[in-house]
Amino acid sequence: MATIAPQLTRLIPDSKGTKCNVELEPVENTKYSQILRVPFKTEDGKDLRQWVSRFDIYPYLERYTQDASAKILDILEGKPDLIIGNYTDGNLVASLMSSKLGVTQGTIAHALEKTKYENSDAKWRELDQKYHFSCQFTADMIAMNTTDFIITSTYQEIAGSKEKPGQYEHHYAFTMPGLCRFATGINVFDPKFNIAAPGADQSVYFPYTQKQKRLTGLHPQIE
């Protein structure tokens with residue numbers, strides 16, 4: 001089985017001077033990490049050649065997940081041990097893929113659209129043509145509730161403060177009139193939430209070349 005960590009993203013054939021049209025690109029100064037790019041497909045099965053706004057990509061994601069899953073299985077010669085999603089679209093793909101392959105899923109939201117736009121849930125219908133909040137909020141709810149763990153930067157991101165609810169807390173109960181209502185969307189006290197504060201402890205995170213810092217004594221337990 002191959003020992004690499006593919007970073008999955010979208011392949012854009014008409015990328016105009018960038019490497020976004022390269023299927024497999026090694027990450028500089030790493031030994032096993034590579035960027036894997038898979039294109040979106042149109043309804044007739046052709047590659048979608050142009051860039052598409054993040055608000056307009058949802059119709060492509062289910063087919064994309066199928067194509068990306070097949071490509072990853074081929075490259076790794078087996079299933080991955082872990083799938084981590086980023087942002088709403090990436091987390092939805094991670095949810096679909098981890099469910100399909102039966103592997104552990106992690107979620108990193110970075111930013112949740114519902115908290116960026118005031119009353120976006122109540123006004124979803126008038127904003128949906130441009131922002132497709134009905135798709136975005138539903139995708140966020142699927143990812144939050146299917147993932148095995150969620151990584152955040154601060155406690156405030158999860159549960160907020162006395163004055164202001166957190167990004168995830170905003171998703172506990174809300175309504176998109178005429179579409180759906182979430183009574184218990186996400187439990188902000190669920191142990192699946194993990195806080196990884198900004199910055200890195202250099203005694204824990206260090207270049208792979210500094211082998212003397214590795215906790216080699218734990219290898220037998222891990223293996």
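The crossing of H2 and helix H4 (residues 133–146) is left-handed; that is, the near helix is turned anticlockwise from the far one by less than a right angle, clockwise being right-handed. Helices are DSSP runs of H or I with at least four residues, strands are E runs with at least two, and both are numbered from the N terminus. The model is predicted, so local features need pLDDT of at least 70 and side-chain atom pairs count only at pLDDT 80 or more, while totals for chains, interfaces and linings use all residues. Residues are numbered from 1 along each chain as its sequence is written, and side-chain values use heavy atoms, with hydrogens and water left out.

The axes of H2 and H4 come within 9 Å and cross at roughly 50°. Axes are lines fitted to C-alpha atoms, for helices over the stretch in contact, and angles run from 0 to 180 degrees between N-to-C directions. H2 is therefore oblique to H4 (under 35 degrees is roughly parallel, over 145 roughly antiparallel, 65 to 115 roughly perpendicular, the rest oblique). On the H2 side, Thr 88, Asn 91, Leu 92 and Ser 95 take part. They meet Gln 136, Ala 139, Asp 140, Ile 142, Ala 143 and Thr 146 of H4. Contact means heavy atoms within 4.5 Å. By class, this contact of H2 with H4 has four nonpolar, five polar and one charged residues. Nonpolar covers Ala, Val, Leu, Ile, Met, Phe, Trp, Tyr, Cys and Pro; charged covers Asp, Glu, Lys and Arg; the others, Gly among them, are polar.

H2 (residues 87–101) also packs with H1 (residues 61–76), at an angle of about 55° and with the axes 10 Å apart. H1 is thus oblique to H2. Their crossing is right-handed. The H1 residues in contact include Leu 61, Tyr 64, Ala 68 and Ile 72, and those of H2 include Leu 92, Val 93, Leu 96 and Met 97. The contact of H1 with H2 comprises ten nonpolar, two polar and three charged residues.

H4 meets helix H3 (residues 124–131) as well, with axes that come within 7 Å and cross at roughly 90°. H3 is therefore roughly perpendicular to H4. Trp 124, Leu 127, Asp 128 and Tyr 131 of H3 meet Phe 133, Ser 134 and Gln 136 of H4. Four nonpolar, two polar and one charged residues form the contact of H3 with H4.

The whole structure holds nine salt bridges (a side-chain nitrogen of Lys or Arg within 4 Å of a carboxyl oxygen of Asp or Glu). Glu 25 lies in strand S2 (residues 24–26) and Arg 37 in strand S3 (residues 33–39), twelve residues apart.
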